[in-house]
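Me: Hi! Could you walk me through this structure in plain words?

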Amino acid sequence: MSQASAAAAPPAPERPLPTPTRESQPYWDGLREGRFLLQFCSSCGKVRHYPRPVCPHCFSMESEFREAPLGGGLHSWTVCHHPFNFFFKASAPYIVALVDMDAGVRVNAQLHGIPEAELKIGRRVKLGFEPVNEEVTLPVFVAE
Amino acid sequence: MVHPLRDKAAVSGIGETAYTRGTTKSGLALQLEASLRALDDAGIDPRDVDGVIPYFPGGAIAEDFIANLGLKDLTLSAFIPMGGATCVAAIQMAAMAVTTGVCKHVLISVGRTGYSGSRVSTRLQQFPVFAQAAEFEAPIGMFAPAQLYAQGARRHMELYGTTARQFAEVAVVTRQHAILNGNVVMNKPLTVEDHHASRMISDPFRLFDCSLESDGGAAVIISATERAKDLRKPLVTIAGTAEGHPDSPASIAQRPDLLEFGLVKSAPRAFAMAGVGPKDIDVAEIYDCFTFTVIRQLEILGFCKTGEGGPFVMDGRIALGGELPINTHGGLLSQGHVVGLNHVIELTRQLRGEAGKAQVKDAETGLVTGYGDMGDGSIAILRRAA
């Protein structure tokens, strides 16, 4: 093996990105437009997340995406220290918060701006929008 | 009415390879090596195996067993894609196959190059159930089980006061048991201080709360009790067995209760099938992908109430000589990670009286659990024939 190839810098790790399905595309389109859209059953009106073809309450296949409120309370969290994906090595440790949204579903997203010591179940947070490229915007939680 | 499966099938053979970090063998070779040992243990001619349930994804398909072991007439080939719950769920399927006459002898096998081959975050891409996590959670930096299960553990700590000290107790006791077993990856004593000083992986899980990435193979043979009676080893029957799947099976985040997983549904069915309760269990091999997972399963199984699992594991209760010895072989935390088939092997040894220095005195009835794939839960209750 030559010295040159041994010294070659490895490629920068790429962020894992979502591959939207036909069901979830409207959710990701909403985030890109800065809107938190959730899937509601057109028949019984119940919300469901993550997006899927059939309402598990009334079995209707008709649904619509509507804007939902951004507030919620902490359900649980973890602080990720070990970067299982090398992309996240530079930002570790980071907090991933699981939030009971006021809209009646949960959302998992990174939590920014609140120190670990201040986390407790029920603490209020707000969903924000973090564009990562032209196509994809990810949810992020910040203080309400 | 007595359940038609109760005690009608038996674990007739067990086999395992060395558990190591580093191997030149393939996952398939490890499975075949363990399978040949299990067949020898049972005294069954390899060609007479007619059902094969290999672990998926694990480098082998049932056809590989025809090619390598010369099976004459394979009548059942199946994968059970339930992650860590696979091996014990396979016991249920095998028991159904041998009691109905579809099969004579079903081989359940695992071969894993978890250390020398691909690691956990790569392997997970092959699991169908992880597609949802790949879309919604991997982009935010959350994909590995240590991360996905950490939020449930944190919630348990917040709601019930469960502590890292109690997590450590599971790790320390499991290591003590591993040291009594000659075939383990981790053979040096572990202290509570070692546990607390180990690096944080995904809070609240430290390194020593996590199971091993290791290489090894394991295999178990299930036969009808009527046939197993005449085989080489003491009879160990399957008194009860069940699998269960949680609500919101592919997304822990959306699960109504993060702490309710498949075992909530399967455990009562298995106990009812066996006609026993938690008080009848002499030894338990609990799927230990994480220390906390053991604590929560002990609650679900009814050894204590929800919220009491932390205190339950303290004061020697789960150690050899205690009220409920668990993971007497060292488990996934210290022996090796073959997706819990090593737990089935150890329980069988305990009930045969073959567990050596880790033998639980007069062990007659024991249970083994599987847990994985975001929370599927399987269970088998085995007993020594009277």
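This is a predicted model: local features need pLDDT of at least 70, side-chain atom pairs count only at pLDDT 80 or more; totals for chains, interfaces and linings use all residues.

Me: What share of the contacts in chain A with a separation of 6 or more comes from residues 24 or more positions apart?
Reply: That share is 52%. Two residues are in contact if their C-beta atoms, placed from the backbone, lie within 7 Å.

Me: Ok, how many helices and strands does chain A have?
Reply: Chain A has 2 helices and 8 strands, and from the N terminus on they run α-α-β-β-β-β-β-β-β-β. Helices (H or I, at least four residues) and strands (E, at least two) are DSSP runs, numbered from the N terminus.

Me: And what is the radius of gyration of chain A?
Reply: Chain A has 19 Å, whereas a compact globule of 144 residues would be near 15 Å. The radius is taken over C-alpha atoms, and the globule rule is 2.2 Å times the number of residues to the power 0.38. Along its principal axes, the C-alpha trace of chain A spans about 65 × 40 × 25 Å.

Me: Which strands make up the open sheet of 3 strands in chain A?
Reply: The order is E2-E1-E3, with antiparallel pairing. Strands pair if DSSP finds at least two bridges between them. E2 (47–48) and E3 (63–67) of chain A are the edge strands, each pairing on one side only. Between E1 (residues 37–41) and E3 of chain A there are 5 bridges, and A:Leu37 has A:Glu67 in E3(A) as its bridge partner.

Me: New topic: how many residues of chain A are in contact with chain B?
Reply: 29 residues of chain A are in contact with 27 residues of chain B. Strand E4 (71–80) of chain A gives the largest share of chain A's side, 5 residues. By class, that side has 16 nonpolar, 10 polar and 3 charged residues. Here Ala, Val, Leu, Ile, Met, Phe, Trp, Tyr, Cys and Pro count as nonpolar, Asp, Glu, Lys and Arg as charged, and the others, Gly among them, as polar.

Me: What does E4(A) pair with in chain B?
Reply: E4(A) pairs with strand E5 (residues 200–203) of chain B, antiparallel over 2 bridges. A:Cys80 stands opposite B:Ser202 in E5(B).

Me: Is helix H12 of chain B buried or exposed?
Reply: 10 of the 10 residues of H12 (residues 291–300) of chain B are buried, so this helix is largely enclosed by the rest of the structure. A residue is buried if 20 or more other C-beta atoms lie within 10 Å of its own, exposed if 12 or fewer, and partly exposed in between; C-beta atoms are placed from the backbone. What covers H12(B) includes helix H7 (150–160) and strand E10 (365–372) of chain B. Just after H12(B), B:Gly302 takes a positive phi of about 95 degrees.

Me: By the way, how much of chain A is buried?
Reply: Buried residues make up 30% of the 144 residues in chain A.

Conventions
Residues are numbered from 1 along each chain as its sequence is written. Chains are lettered from A and ligands numbered from 1 in the order in which they are written.
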